[in-house]
Amino acid sequence: MEFGYMNKWLKVNLTLKEFKDFSISEDILRQFVGGKGIAVHLLWKYVSKLEEKGINVKDFDALSSENMLIFATGPVTGTRSPNSGRHHVMALKSPLTGSIGSGNSGGRWGAKLKFAGYDGIVVIGKAENPVYISIIDGSVEIHDATKLWGKNSVETSSHLRNKHDKKRAGVSCIGPAAENLVPLAVIMNEEHRATGRTGLGAVMASKNLKAIIVEGNNKPIIAKPDEFDLKVKEHVEKLKEHHTTAESLPNYGTAILVNIINQNGMLPTRNWQTGVNPEAEKISGETLTEEYLINKHPCWGCVVACGRKTKVDKGNYKITYTEGPEYESIWALGGSTAINDMGAVIRANHYCDIFGMDTISVGSSIAAAMELNEKGMIPEEDLQGIDLRFGNADAVVELTWMAAFRQGLGFWIGEGSRKMCQHYGAPDLSMSVKGLEMPAYDPRGAKGIGLNYATGNRGGCHVTGYTIAAEILGDVDRFTTEGKAELVKIFQDFTSIVNSSVNCLFLTFALGLDEYAEMICPVTGWDVDSDELLTIGERITNLERMIINKFGITGKDDTLPKRLLEEKMPEGPSKGQTVDLDTMKEEYYELRGWVNGIPSEEKIIELGLK
Amino acid sequence: MKIFVKVFASLRKKYPSVSDLNPLEMEIDKGTTLAQLIARLNFNQEEVKIILVNGLRASVDDIINEESSIISLFPAVGGG
């Protein structure tokens, strides 16, 4: 493939200390585009290989050396097309959920990987001792990382940039939480950007792989540069004209959502016991900008700049410099726990960044622990004196670092809310789907996002099908179930394209599928339209589903916590609502061509996945 | 009739002290539409993208009927 891609993937076997280049055929690229799509394709092939070896993928341990970890970019990554510095990471299995591992990160690592000469990296095996990989201008080396083990994400990143004398290099690394094999561990990029969900950091740690540093001067060749330049200009103009991408996100960050979601009565509070938080203003985007913001910090090539540089100069949690927090992190650490203390949130978020943990899962697990405690289900000896009441900021900050180091009750926080709530005898208090803690929108107030959480392949996730854009930020009736199946399907398949291109999901506030075709066509030289892209997205979503079916995940797992199905929202603008999931799910399976959560033979053939 | 108005994000540039915790208390005539309220607050119709009345979606042509209604006004916002 001449255009758009670097035409080179790296396969590293850490057990054998070997690496080699391989390429992906144009036929496969056309079917899966790049990024997540290619990763899913490679994982599916790997499943077949493991099965041929007689390995039962259902019982396969996510932290065994056989697990496959993939870092992937797409044709748009690293081009002048806006917001294209991102990359996607996948693992065959997540240590947190037992479903597929998947995450997407900002920063510059994705673009820098292509400049280093590669479209992606596949890692298998386990190094005997800690190692890191450098890819500088096409030259690959595996180095000893024994002395880096134990260092946090900021220390590791700056150490490697200095050592290689590459001040602007991309560094993807793990922190102490991953080294301790905490299932909530993330892979950090550029210090404060995370491949956040499903415990990918623990998979990287289980391979004794501390970091990957990438830098170079290669550039992808654009098939039709004049047409591409024109489209880049048009797309940037659209982003600059749309209030969300031109004003709201740059001025307030993603935290601008705190107030609007709360005003709709669907900001999960006290571990989802209610959707109304009377003090949400204290942790809002407006408050963050007014009292804590130092400056914006855009990712590579970004024209939006939602990233925040922040400080806390008063109260108990002073800090001179950190980044974030994002909307989801603020909600999980500060809203669901009812602490409503921005200083404490920033501190806990900082710990999650430097120790390398998923802010959503950490915050949600602490909130679940608070409800367990409220109901008297955690013995005194396990609490070790921690005052685990809702609203106690100290407990949130304390338990965050304790989770990273598996200390005391922090051990159970780090295991995630599903295992913790099972352990303490109240599994229904885990607000998770397929073991992944759900994000900051109570679906009793927007039914489509509930169907998306339930059917998400990686678990309870908003960024695989962000129907909030239509149901809360757009004009679609949020309470009806009618039409939501189709809405979810389209959002999920479109998102598969975004994560395969690979660029930023926030573009989609201003750019649609047609614009994605306008990016991909001139870059690659292909002639694809929005219909074909949506079919490719559908193919990726289905193949990912076929992988999780191999783990025994089916229709029974496409569900929501009992609270959302049975307990009426007690107060506020969404009062009285529950989620009628069965009706939407039936329609969704019908539209998808799935039977009990499994793609039918006809659908598999139709999508060319046989 | 008394109502409470809350403005968010860039709309606070005109009303910096108004927030969720400190809404603007206003007297309006019965039959006032949201479009009329928005004009009275000196906003352009285009800059107010999302209107909630007591947390439920409303449009500019809707009339404010209930005493003590909470009107939440937003520009186009997004995140995730």
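Colleague: How many bridges join strand 3 of chain B to strand 5 of chain B, and do they run parallel or antiparallel?

Modeller: This is a predicted model, in which local features need pLDDT of at least 70, side-chain atom pairs count only at pLDDT 80 or more, and totals for chains, interfaces and linings use all residues. Residues are numbered from 1 along each chain as its sequence is written, with chains lettered from A and ligands numbered from 1 in the order in which they are written. Strands (E, at least two residues) and helices (H or I, at least four) are DSSP runs, numbered from the N terminus, and two strands pair if DSSP finds at least two bridges between them. Here four bridges link strand 3 (residues 50-53) of chain B with strand 5 (residues 70-74) of chain B, and the two run antiparallel. V53(B) stands opposite I71(B) of strand 5 of chain B.

Colleague: Which residue is the bridge partner of L52(B) in strand 4 of chain B?

Modeller: The partner of L52(B) is R57(B). Strand 3 of chain B and strand 4 (residues 56-58) of chain B run antiparallel, joined by three bridges. Their hairpin has two residues between the strands, and N54(B) takes a positive phi near 50 degrees.

Colleague: How many residues of helix 20 of chain A are buried?

Modeller: A residue is buried if 20 or more other C-beta atoms, placed from the backbone, lie within 10 Å of its own C-beta, exposed if 12 or fewer, and partly exposed in between. In helix 20 of chain A, 16 of the 18 residues are buried, leaving the helix mostly covered.
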